[in-house]
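This briefing walks through a structure one topic at a time, for a reader who is new to looking at proteins. Please keep the sequence and the 3D view open beside the text while reading.

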Amino acid sequence: MKFLKRLLSNKLAVLGIFFILIFLLASLFAPLIATQDYSEMDLYNVLALPSAEHLMGTDEMGRDIFSGIIYGARTSVLIGVSVLLFGGLVGTAIGILAGFFEGKLDMVLMRIIDTLMAFPSILLAMFMIAIIGTGLKGAIVAVSIATVPRFARIVRSSVLKTKKNEYVDACRVLGQSNMKILFRHILPNGMAPIIVQATLTFSEAILIISGLGFLGLGADPMSAEWGAMLSNARAYLMTKPHIAIFPGIAIAITVLGFNLLGDGLRDTLDVKEY
Amino acid sequence: MEEILRVEKLEKHFIKETGFLKKEKKVFKAVNDVSFHINKGETLGLVGESGCGKSTTGRMIVDLIQPTSGSIFFEGKNIADRSRDRKSQLEIRKNIQMIFQDSYASLDPRLTAGQAVEEALDIHRIVTGKKEKREYIEKIFADVGLQKEQIDRYPHEFSGGQRQRIGIARAICLQPKIIICDEPVSALDVSIQAQIINNMEEIQKKYGISYLFISHDLSVVKHISDRVIVMYLGYIFEEASKEELFARPLHPYTRALVEATPSTNPDLPKRNKPALKNEIDTSLIGVCCPFANRCDSVSDICWKQEPSVTEAADGHKVRCHLYK
């Protein structure tokens, strides 16, 4: 409770939470909020400016941009959650193994992670897509793999640090098993940097997948995905900029929200890593 | 008297790999040729300056550090090599417990005092059942001088002395036969030190536990111990009963230590001469007498040869060239 109070006294973090709430509500109640189905084309109103009928105007195929953004929030949640589930879990597992057992295992795992880390994540993701193939699934897998190294590093350092606490020695003396020491003592006490990293990864995943979508490597251009929408708008950037502006704002606000929350959490949890 | 723990020729060499591709190896001999025993229900004091290997010795006994060589016999069985099944491993763990110096660091901040003790009970299935466990913890808390209302509080809500009592409760709840006390009162105020020490003595009487009491504080060791060993740079310099050691210290190092202990009598004349000259020199380990550079009775042989242990009187052992 004390922690929540401290977090809420951080104005930027509150702003972040506010943005995230908008984003989550939009994705949760998308069919209720959206004025129409995104795939519905209004061919009489192609590239229309914002109006009462189309709140944010329409794109080159007459699709309602407002609805696209609302449904796009769902896609973004899917992206964020799946990247966290795949990349976050794998990275955490590697970090735990390396940090807890150290020695040769640590050495081998960390050199692999170092190699992965040497590539910028977007480059790594493009490389993976070249193997897996384009599309949202491919992009998610690619970004998941790209997030593994940083998670592994942060979890490893957190485990290494928490492990040195004397209460871990005390548990050993009591005869506690490695597994219980890890899951009952080390992980809960070393959770703070992992949580911060999770929030930041969520926004980064959205950003990278939008970037891939913009490059035509991500989601199907017909789907409601912010990056794909931006990519479609590219051709009309000079004449009808609103097609690009609204998805751009959606991406910016969501990413900003998660980043602000992440920073707020880091300050509140007093995390020195990252 | 029945012997409970015997340590024979215990050694710990820390190896630090340095240089390109870790080709160079630096060996630090932290514990050298340490042998002693502890009898049932007695307290063996282990004194020495910081870095003399006394904590390392304690940690080897509880298997937090693997000895380089040597044997540790618990009730006659060698436990130094612990590659055996978990069940017998747990049996040893249950019987040899430890109290740590830093009471705050040795308690998980996320567990309440009661949960810390309960964890120990759960590992060894000492008592089962929610109600029974609660009653048992209340009983143990009473033994260490804590209120039962404090069971559900978190470590940060306690004072240093009270936290150390939680540490003691966690150690004695398993009803061990021996407890390694690694500077248990060094971080506490003098007034609190006395309370904790007295409490530990009560517990010892009640449960018949043996203590290995590690400390750098001679006056505390003098109070609680039956016998005392003095360590310097990983070697045991002297071993004797408490009375014998303080009345008739043989080793020049022990003499200096005993003389340096502050007196509680303000009328005694002040000593002006520094107790010991020079600093600890680790490069002397394994070469000659490690104390040669600081000793006031040093002679030629001290620089040439390592001293061996001689029994100067009954139960009074000393490692010094002066006593041959």
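B:Asp63 is found in the loop between helix H1 (54-61) and strand E4 (69-74) of chain B. The model shown here is predicted, and every value below is computed from it.

- Most residues other than glycine have a negative phi.
- Phi of B:Asp63, however, is near 65°, which is a positive value in a residue that is not glycine.
- B:Asp33 belongs to strand E2 (residues 24-39) of chain B, and B:Asp33 counts as partly exposed because it has 19 C-beta neighbours inside 10 Å.

**The make-up of chain A**

- Chain A contains 12 helices and zero strands, and the C-alpha atoms of chain A fill a box of roughly 75 × 45 × 30 Å along the principal axes.
- Of the 274 residues in chain A, 49% are buried.
- Among the contacts in chain A with a separation of 6 or more, 69% are between residues 24 or more positions apart.
- Helix H11 (residues 226-233) of chain A is mostly covered, since eight of its eight residues are buried.
- The buried residues of H11(A) include A:Trp226, A:Met229 and A:Leu230, and the buried residues of this helix pack against helix H4 (65-101), H10 and H12 of chain A.

**How pairs of helices pack**

- Two packed helices are described by the angle between their axes and the distance between the axes.
- Helix H10 (residues 191-214) and helix H12 (residues 242-269) of chain A pack at an angle of about 165°, with their axes 9 Å apart.
- H10(A) and H12(A) are therefore roughly antiparallel to each other, as angles over 145 degrees count as roughly antiparallel.
- H10(A) passes H12(A) in a left-handed crossing, and by class the contact of these two helices has 13 nonpolar, six polar and one charged residues.
- The residues that meet in this pair include A:Ala192, A:Ile195 and A:Phe202 in H10(A), and A:Ile251, A:Phe258 and A:Arg266 in H12(A).
- H4(A) and H7(A) pack at an angle of about 40°, with their axes 6 Å apart, and that makes H4(A) oblique to H7(A).
- H4(A) passes H7(A) in a right-handed crossing, and the contact of H4(A) with H7(A) has 18 nonpolar, nine polar and three charged residues.
- In chain B, helix H5 (residues 160-172) and helix H6 (residues 190-207) pack at an angle of about 15°, with their axes 10 Å apart, which makes H5(B) roughly parallel to H6(B).
- H5(B) passes H6(B) in a right-handed crossing, and among the residues that make the contact are B:Gln164 and B:Ile168 of H5(B) and B:Ile196 and B:Met200 of H6(B).
- By class, the contact of H5(B) with H6(B) has seven nonpolar, four polar and no charged residues.

**The largest nonpolar core**

- In soluble globular proteins, nonpolar side chains tend to be buried together.
- The largest nonpolar core here has 154 residues, and those with the most contacts inside it are A:Ala139, A:Val143, B:Ala169 and B:Leu212.
- Helix H7 (residues 136-163) of chain A gives the most to this core, with 14 residues.
- Not counting residues up to four places away in sequence, A:Val143 touches A:Val83, A:Ala125, A:Ala205, A:Ile208 and A:Ile209.

**Where the chains meet**

- The contact takes 13 residues from chain A and 18 residues from chain B.
- On the side of chain A that touches chain B, helix H8 (166-174) and helix H9 (178-189) of chain A each supply at least two residues.
- The largest share of that side of chain A, seven residues, comes from H8(A).
- By class, the side of chain A that touches chain B has five nonpolar, five polar and three charged residues.

Key:
Residues are numbered from 1 along each chain as its sequence is written. Chains are lettered from A and ligands numbered from 1 in the order in which they are written. This is a predicted model: local features need pLDDT of at least 70, side-chain atom pairs count only at pLDDT 80 or more; totals for chains, interfaces and linings use all residues. Two residues are in contact if their C-beta atoms, placed from the backbone, lie within 7 Å. Helices (H or I, at least four residues) and strands (E, at least two) are DSSP runs, numbered from the N terminus. Ala, Val, Leu, Ile, Met, Phe, Trp, Tyr, Cys and Pro count as nonpolar, Asp, Glu, Lys and Arg as charged, and the others, Gly among them, as polar. A nonpolar core is a set of buried Ala, Val, Leu, Ile, Met, Phe, Trp, Tyr and Cys residues joined through C-beta atoms within 7 Å. A residue is buried if 20 or more other C-beta atoms lie within 10 Å of its own, exposed if 12 or fewer, and partly exposed in between; C-beta atoms are placed from the backbone. Axes are lines fitted to C-alpha atoms, for helices over the stretch in contact, and angles run from 0 to 180 degrees between N-to-C directions. Angles under 35 degrees count as roughly parallel, over 145 as roughly antiparallel, 65 to 115 as roughly perpendicular and the rest as oblique. A crossing is left-handed if the near helix is turned anticlockwise from the far one by less than a right angle, and right-handed if clockwise.
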